[in-house]
Amino acid sequence: MSKTNPFQELRLRADAFWQVRTEQERKLLRIGGIVVGLGLFYGVLVDPALSGRATLQKTLPELNQQAAAMQNMAREAQALQGQNNIAPTPMTRDNLSAGLAARGLTAQSLNVTGDYAKLQFNGVQYAGLVAWLDAIRIESRIAVTEASFTAQDAPGVVNASLTLRQGAR
């Protein structure tokens, strides 16, 4: 005996169900199927599209305003990028000495000529020296152009020779 296909068996059952119905029942089943199909079509495809369109129509003007504001801010940022309203404090012997004293550091020698400064430290805490260098880099735009560190026997203590330049990048 050959096995029947499950789809053929289902179709045969549906045909048998349909044949026992009267013409009026068939008409009502067709109309009910059409109504259910239209309801599914509207609920799955049409309604989400219409409600999404309405939501976009409500939010689009606000999004356009936000985009315009962001473009204006981007233009302002680009215009301000090249400007520097605050000039750094000029590098002088007194300013460098005051900054060192504020951090508890003492330079053995400190020579300032133009945009350059040469400093020599003996037995200074490395962490304090690096913190001071970071502070003057941010506050006065002074960069280290040359540095030499020699570790000492005590942990964290170094001898250092630094060359600084203001305005260096």
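So, which residue in β2 is the bridge partner of V112? It's A117, and I'll build out from that pair.

Quick housekeeping first. What you see is a predicted model, where local features need pLDDT of at least 70, side-chain atom pairs count only at pLDDT 80 or more, and totals for chains, interfaces and linings use all residues. Residues are numbered from 1 along each chain as its sequence is written, and side-chain values use heavy atoms, with hydrogens and water left out.

Okay, the sheet. Strands here are DSSP runs of E with at least two residues, helices are runs of H or I with at least four, and both are numbered from the N terminus. Two strands pair if DSSP finds at least two bridges between them. Strand β1, residues 109-113, pairs with strand β2, residues 116-125, in the antiparallel sense over five bridges. The two make a hairpin with two residues between them, and G114 in that turn has a positive phi of about 65°.

Now follow one row across. L110 has L119 as its bridge partner in β2, and L119 in turn has L162 as its partner in β4. β2 and β4, residues 157-166, run antiparallel with eight bridges joining them.

Put together, that's an open sheet of four strands in the order β1-β2-β4-β3, with antiparallel pairing. β1 and β3 (142-151) stand at the edges with a single partner strand each, so one side of each has no neighbour in the sheet. The twist averages 15° from one strand to the next; angles run from 0 to 180 degrees between N-to-C directions, and axes are lines fitted to C-alpha atoms, for helices over the stretch in contact. α3 packs on this sheet and touches β1, β2 and β3, its direction making about 145° with that of β1.

Over to the other helices. α1 (residues 6-19) and α2 (residues 23-81) pack at about 125°, their axes 9 Å apart. α1 and α2 are therefore oblique to each other, the class left over once you take out under 35 degrees (roughly parallel), over 145 (roughly antiparallel) and 65 to 115 (roughly perpendicular). In contact terms, meaning heavy atoms within 4.5 Å, F17, W18 and Q19 of α1 meet R26, L29 and R30 of α2.

Last, the largest pocket. A pocket is an open set of points on a 1 Å grid over the protein atoms alone where a 1.4 Å probe fits, with protein on both sides within 12 Å along at least five of seven lines; lining residues have an atom within 4 Å of a point. This one holds about 160 Å³ of space. Its lining has 14 residues, and N95, G99, I136, E139 and S140 lie nearest the centre. α3 (93-102) and α4 (126-140) each supply at least two of the lining residues, and α4 gives the most, with five.

How values were computed: Points joined across faces, edges and corners; volume = space filled by probe spheres on them.
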